[in-house]
Amino acid sequence: MPETTPRGLTGLAFGGDYNPEQWPEHMWQEDVRLMREAGVTMVSAGIFSWALLEPAPGTYDFGWLDRLLDLLHDNGIRVDLGTPTVVPPAWFYRAHPEALPVTADGVRYEFGSRGAICHSNADYRAAAANITTRLAERYGTHPALALWHVHNEYGVPVSACYCDSCAAHFRRWLATAYGTVDAVNEAWGTAFWGQRYAGFDQINPPRTTPTVGNPAQALDYKRFADATMRENFIAERDILHRLSPGVPVTTNFMTALSQCDSVDYWAWGREVDLVTNDHYLITDGRRTHVNLAMAADLTRSVAGGAPWLLLEHSTSGVNWQPRNPAKAPGQMARNSLAHVARGSEGAMFFQWRQSRRGAEKFHSAMLPHGGTDTRVWREVVELGASVDSLRPVRGTRTEADVAMVWDWHSWWAQNLQWRPSEDHDPRERADTFYEALYDRHLTVDFAHPEADLSPYPLVVVPALYLATEAAGNNLREYVEHGGTLVVSYFSGIVDEHDAVHEGPCPGALRDVLGLTVEEFSPLLAGERVRLTGPDGGELHGDVWTEFVVPRGADPVWTYADGLTAGRPAVTRHRLGEGTAWYVSTRLGADGLDTVLGGAAEDAGIAPRTDLPRDVEVVRRTGASGTYLFAVNHTASDAKVPLDAHGTELLTGERAAGRLAVPAGAVRVVRLDG
């Protein structure tokens with residue numbers, strides 16, 4: 001079995017992407033000297049280097065990479081070595097222009113960026129396998145090698161191609177998945193609009209049509225595109241396993257819902273030896289540290305709860321958003337250690353030295369344009385020392401309090417055209433539910449809708465438009481056995497083929513929720529509805545309402561106005577030993593918190609009134625002990641209660657009673673016992 005941790009690392013990983021090919025070789029010695037000063041333990045290399053490693057077909061130049069790996073090894077720095085298959089060389093595209101992807105409109109992309117790949121193209125697959133084989137044969141046993149890094153950020157910027165090669169591949173994929181074209185017709189509902197196919201040869205990708213195409217076909221094409229990228233990853237991974245046994249293989253995910261929507265990370269998490277992730281703050285006015293926590297929790301969940309690795313984030317500003325502010329003093333360390341709190345085995349950056357040329361020259365780096373006499377550099381050196389002091393947490397696991405159900409296939413299906421309201425955004429619901437749980441100081445595991453939910457007293461379902469029969473049964477059994485469930489509107493509606501479940505909505509979830517929905521009643525832009533509840537309380541909803549009919553559920557909040565006035569808006573259903581709540585309108589964070597407060601009480605989860613807002617407390621536990629991470633995202637000093645004495649690892653001080661956490665700082669206590 002391959003290892004699941006970077007080979008040769010005894011502490012946490014600290015470093016970043018190293019692209020020395022952008023610089024004269026005489027600078028490498030200076031780079032390595034500064035890496036040692038900063039406490040760098042691992043760098044990623046070779047990710048974009050195919051054109052240098054194979055400057056012409058079948059002609060190889062490994063000398064520079066030999067010298068680089070030897071230099072890093074001599075200085076005690078481990079290497080995450082990339083297969084450079086995200087950017088084939090210009091000569092490859094000149095020989096194989098059909099390997100460039102084609103849009104649904106029939107436009108073929110040009111060479112000159114990155115990730116411009118038709119993943120069905122046989123010539124690309126052969127060339128990728130060849131360069132991967134050459135690298136594995138040469139460096140598979142190199143003493144600096146810690147980890148293999150296949151490709152780069154699959155799904156970004158292109159996941160699907162619509163060319164003729166992909167059409168042929170799609171037909172083969174459908175034949176394997178369905179067996180017969182009649183089964184495809186049944187699954188896709190091709191009787192509608194006369195779309196029936198008489199043979200697989202008649203089926204094409206869902207290219208641009210005069211009006212909306214077949215949604216089930218579009219959903220299957222998303223699955224196909226994801227599976228095709230994964231086929232290519234697996235092909236490279238298997239070469240590396242064969243020629244470089246014992247060295248773990250990964251590829252860098254982008255699990256944040258704000259950054260990638262084309263990859264089913266539940267499926268990908270099963271294929272890598274170590275889950276790694278890239279995360280960049282989205283500066284859109286939201287509380288960026290909440291998005292960070294959510295991405296880290298989701299990444300850990302994709303890893304099955306095991307430790308994972310933050311392979312890229314930024315030291316300060318990025319370069320690809322409309323506005324790219326710098327991080328505040330101390331924010332780099334706080335962001336980095338918040339990832340560690342939620343399971344990362346280190347903190348890596350893009351990139352080591354800031355580029356002078358190319359598209360990312362204004363993206364921050366560990367070593368900025370200004371050199372070592374800069375705030376960013378001083379903070380990098382300080383962070384390196386902090387990461388080193390946390391080496392005891394390596395191998396421990398983050399403890400979660402509750403679970404959130406999430407499914408990429410449901411997200412894909414929900415986002416297809418012609419839904420009841422374009423204002424209903426599954427990502428927005430996931431963000432808002434997560435933020436409400438975060439503000440209750442609850443650590444969240446994410447779970448597939450068919451996964452075992454029994455460890456969690458509370459499970460929330462922010463958006464599950466597509467719910468299989470198995471998922472519905474799973475959620476019902478969870479509640480029957482004592483769990484508390486909270487489900488948001490427009491969930492349980494269709495099956496895996498985007499077909500509405502037989503009978504009244506919410507289809508797969510009507511039994512567990514104890515209700516039916518007669519009709520959806522989305523609101524117009526700017527419309528709001530009032531809800532009245534226990535003790536005369538009032539909440540407000542927007543975007544969505546429903547005509548809910550209780551079938552065993554009890555109304556908790558009722559619509560006070562609008563078309564649904566007098567109808568239940570929020571219900572609670574006692575089923576077996578547990579309860580299931582349903583929220584049929586879009587509540588803001590405050591309203592959602594009110595509902596979650598009732599559900600948390602059902603689940604036996606006491607409120608954390610002893611912690612200020614935006615001070616997060618997370619635990620990691622393992623053979624080496626229990627570690628309490630306290631991350632203060634506020635501008636005021638905070639006090640965090642401790643349930644045991646311990647030693648604070650960043651300062652070496654003893655801690656007891658109430659832990660002082662300065663404004664903007666992080667403290668990590670190894671608890672006694």
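**Figure 1. Arg 287 and its salt-bridge partners in the predicted model.** Arg 287 is buried, because its relative accessible area of 17% is under 20%. The residue is placed in the loop between strand E7 (276–278) and helix H10 (288–302), whereas Asp 439 belongs to helix H14. The side chains of Arg 287 and Asp 439 meet in a salt bridge, with an N to O distance of 2.9 Å. This pair links distant parts of the chain, 152 residues apart. Asp 439 has a relative accessibility of 27% and therefore counts as partly exposed. A network of salt bridges joins Arg 287 and Asp 439 with Glu 435, Arg 613 and Asp 614. Side chains of opposite charge can pair when their charged atoms come close.

**Figure 2. The salt bridge between Arg 67 and Glu 25.** The closest N and O atoms of this pair are 2.7 Å apart. Arg 67 lies in helix H3 (residues 63–74), and Glu 25 lies in the loop between strand E1 (13–18) and helix H1 (28–38). The two residues are 42 residues apart, and their pairing links distant parts of the chain. Arg 67 is partly exposed, with a relative accessible area of 43%. Glu 25 also counts as partly exposed, at 36% relative accessibility. In total, the count of salt bridges in the model comes to 41.

**Figure 3. The salt bridge between Arg 207 and Asp 164.** Here the N to O distance is 3.2 Å. Arg 207 is found in the loop between H7 and H8, and Asp 164 in helix H6 (residues 164–178), so the pair ties together parts that are 43 residues apart in sequence. Arg 207 is partly exposed, with a relative accessible area of 26%, whereas Asp 164 counts as exposed at 61%.

**Figure 4. The surroundings of His 424.** His 424 is located in the loop between helix H13 (408–414) and helix H14 (426–439). Its relative accessibility is 5%, so His 424 counts as buried. A polar contact of 3.1 Å joins the side chain of His 424 to the side chain of Tyr 489. Beyond residues up to four places away in sequence, His 424 touches Gln 414, Arg 429, Tyr 489, Phe 490, Val 543 and Trp 544.

**Figure 5. The surroundings of His 142.** The loop between helix H5 (122–139) and strand E4 (145–150) contains His 142. This residue counts as buried, at 11% relative accessibility. A polar atom of the His 142 side chain lies 3.0 Å from the backbone nitrogen of Ala 144. When neighbours within four places in sequence are left aside, His 142 is in contact with Arg 7, Leu 69, Asp 70 and His 73.

**Figure 6. Trp 408 in the largest nonpolar core.** This core has 164 residues, of which Trp 148, Trp 408 and Leu 485 touch the most other members. Apart from it lies another core, of 20 residues, including Leu 174, Tyr 221, Phe 224 and Ala 227. Among the contacts of Trp 408, leaving aside neighbours within four places in sequence, are Thr 255, Leu 257, Tyr 265, Trp 266 and Leu 298. In soluble globular proteins, nonpolar side chains tend to be buried together.

**Figure 7. A nonpolar patch on the surface.** Phe 192, Trp 193 and Trp 418 form this patch, and together they have about 440 Å² of accessible area. Phe 192 is placed in the loop between helix H7 (181–188) and helix H8 (215–243). With a relative accessible area of 54%, Phe 192 is exposed.

Conventions: Residues numbered from 1 in each chain as written. Predicted model: local features only at pLDDT ≥ 70, side-chain atom pairs only at ≥ 80, totals over all residues. Heavy atoms only, no water. Helix = DSSP H or I, 4+ residues; strand = E, 2+ residues; numbered from the N terminus. Buried < 20%, exposed > 50% of the residue type's maximum accessible area, 1.4 Å probe, protein only. Polar contact = N/O pair within 3.5 Å; in protein donor to acceptor, adjacent residues only side chain to side chain. Contact = heavy atoms within 4.5 Å. Patch = residues over 30% accessible without salt bridge, like charges linked within 9 Å, V, L, I, M, F, W, Y side chains within 5 Å. Areas by Shrake-Rupley, 256 points an atom, 1.4 Å probe, with all protein chains shown as cover. Salt bridge = Lys/Arg side-chain N within 4 Å of Asp/Glu carboxyl O. Core = buried A, V, L, I, M, F, W, Y, C linked by side-chain atoms within 4.5 Å.
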